[in-house]
Number of protein chains: 2
Amino acid sequence: MLPVIAISIGDINGIGPEVLLKAFHRSDLFDICRPVVFGPPEVLHHYHALLGLKLSFHEVRDAADAREGQLNLFSVPGDFVTEDIGRPTEESGRISIDAIRTAYFSVRDDKAQALVTAPISKEAIAMAGSPFHGHTDMLASFCECGDDVLMILSNNTMNVGLVTVHVPLREVASRITREEVERAIRLGHLAMEEDFGVEEPRIAVLALNPHAGDGGILGMEEQRIILPAIEAQQREGIRAEGPFPADGFFSAHNRELYDLVIAMYHDQGLVPFKLQAMGRGVNITAGLPIVRTSPDHGTAFGIASHGIASAESMKEAVYFARTIVLNRLQ
Amino acid sequence: MLPVIAISIGDINGIGPEVLLKAFHRSDLFDICRPVVFGPPEVLHHYHALLGLKLSFHEVRDAADAREGQLNLFSVPGDFVTEDIGRPTEESGRISIDAIRTAYFSVRDDKAQALVTAPISKEAIAMAGSPFHGHTDMLASFCECGDDVLMILSNNTMNVGLVTVHVPLREVASRITREEVERAIRLGHLAMEEDFGVEEPRIAVLALNPHAGDGGILGMEEQRIILPAIEAQQREGIRAEGPFPADGFFSAHNRELYDLVIAMYHDQGLVPFKLQAMGRGVNITAGLPIVRTSPDHGTAFGIASHGIASAESMKEAVYFARTIVLNRLQ
């Protein structure tokens, strides 16, 4: 039997429903998994008709009953108002969270082997009263694994892990602690080995400051925090190197030597990643007991329902989820 | 007569002397300018012999006497110890500063039309007792133009201006003021018009925080500082837009619509810039009364004297200096 992949619908007013339907339209993804979408069925039927697709649906009450060759639906109730398409609402936030929680339970209970999440809106989930910033902290909470997770972005040319993610730039430097940097290296190393199937992965760690602090003139975090963290992880047998100045690192060819780059903050990692990903990046949460991937884009409210959103990143997210499932089995 | 371009030698223990000699070796740069190198002649003779080049030198005491078709030398005295190649020293720092100052005087006094600076070491100039962080603040001080300058990086695909440059990441957010953002937009606009010859330039301004602050959840600087600064400059008739989330901006095709991107800090602008520049980027200081460009790389002490440094960025810096001279004349 093909592995079951649970897919949470994301924000129903964004491009999530569209990209996941497109991803499975005439797709060889049906050859590698049994997909189960968690969300209000009427949302999927609406977009299915709007886009003129010809997918075959199958409603399930247990993800393990998912059929091959069909898009299985696990109903998560909610009100869908087409006038709200293109904007975050309390209801779209509530449905986003319910879909993730329900899909997560299926994976936790071994009814499905991996979770793929369509994009949600931070604003909508805040309207719905959620204390979470996004998927990563929400899933870490559901799994009760504290902060011991790492967001990794992956494409054909690079894998990037982030020490801090959704943090205002003003607070980034004070969040860069030796413990956090070591955690990122350790989780990144584990993910490369277990999820990516890389033997003896090489990890490059970026600096926080311009020119890696320029010998202390432009900041001391490299000497006081990042280098000691790298050296501590080296003593554990991990092939970590750095800290490298970020601008020079990405422009030089030696970056091809590394399996994973650890960036200190969101834009430092995501600007070069997205510049190279060409719309095909995948987001992986390392450190969770379950397998979880997602496309690397957001809800894109501005183009919701226009029919122009690319499903490439969603497709890659499903492929990659299945690859991790296989790698973890080995 | 061709314009005279004054070139400061940079740190004599780095790759500066090598790349400037290589840039003029069998080069059509002699067709567009009369170059004058400011530095200790014995340094240039040493590298000239080491690299096996066949350039014709001409010593001058007044840059205006520079000859066409030869590499003119303006002697700046200093001790050159070949054992020190590859590391910053007090003497290499002192010579770096003297060369820049002497070359600057030639441009200020209209003996030369532009200044191109080879890379210096922040560490070396600090050893020599300099209070400056680099070329930009040094030249701003020599010109007595206060902080009213803007560092712009330019290559075939994009121009990037930086609101803050050599600032520890911890201090970046507090340096982002409405005045500084407006200054960057205003100087960037002027440079596009006068130095780059662009009519009605379009300027994209990046956000400081991830996701442009995500409606305030990830930081308030976009709403409180950056957007009001953009709107104030729009009222002055400048076509500025934003703030755009940095990761999405560089990955999207609409960046091709903009003549200049204003980044809030060093790595935000330089990571995507260098990833695209392929070693051919040029650094321009806008806001100075004189024309000044430089290559976008550093002293690269690790490969000094190995003969492997690329002169492409130095060549582009000389070309671009001459282009600005012509644009300012029009």
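The model is predicted: local features need pLDDT of at least 70, side-chain atom pairs count only at pLDDT 80 or more, and totals for chains, interfaces and linings use all residues. Residues are numbered from 1 along each chain as its sequence is written, chains are lettered from A and ligands numbered from 1 in the order in which they are written, and side-chain values use heavy atoms, with hydrogens and water left out.

View 1. A:Ser27 belongs to the loop that runs between α1 (16–24) and β2 (34–39) of chain A; helices (H or I, at least four residues) and strands (E, at least two) are DSSP runs, numbered from the N terminus. With a relative accessibility of 14%, A:Ser27 is classed as buried (under 20% relative accessible area; exposed is over 50% and partly exposed in between, with a 1.4 Å probe and protein chains only).

**View 2. Surroundings of A:Met264 in the largest nonpolar core.** A nonpolar core is a set of buried Ala, Val, Leu, Ile, Met, Phe, Trp, Tyr and Cys residues joined through side-chain atoms within 4.5 Å. The largest has 196 residues, and those with the most contacts inside it are A:Phe24, A:Met264, B:Phe24 and B:Met264. A second, separate core of 40 residues includes A:Leu206, A:Tyr258, B:Ala204 and B:Ala246. Beyond its neighbours within four places in sequence, A:Met264 has contacts (heavy atoms within 4.5 Å) with residues including A:Val163, A:Val172, A:Ile176 and A:Ile226.

**View 3. The interface of chain A and chain B.** Here 36 residues of chain A are in contact with 36 residues of chain B. The two chains bury about 3300 Å² between them, 66% of it on carbon and sulfur atoms; buried area is the accessible area (1.4 Å probe) that two parts lose on being put together, summed over both. A:Leu169, A:Asp247 and A:Leu275 supply 21% of the area that chain A buries against chain B, more than any other three residues.

**View 4. Salt bridges between the chains.** Five salt bridges are counted between chain A and chain B, each a side-chain nitrogen of Lys or Arg within 4 Å of a carboxyl oxygen of Asp or Glu. One of them pairs A:Asp247 with B:Lys274, with the closest N and O atoms 3.3 Å apart. In another, A:Glu221 and B:Arg170 have their closest N and O atoms 3.0 Å apart. This pair crosses from helix α8 (residues 221–235) of chain A to helix α6 (residues 169–175) of chain B. A:Glu221 is buried at 6% relative accessible area, whereas B:Arg170 is partly exposed at 45%.

**View 5. Salt bridges within chain A.** A:Arg202 and A:Glu241 meet in a salt bridge at 3.1 Å, N to O. The pair links strand β8 (residues 202–206) to strand β9 (residues 239–244) of chain A, 39 residues apart. A:Glu312 forms a salt bridge with A:Arg280, with the closest N and O atoms 3.3 Å apart. A:Glu312 lies in helix α11 (residues 312–329) and A:Arg280 in the loop between α10 and β11 (282–286), so the pair ties together parts of chain A that are 32 residues apart in sequence.
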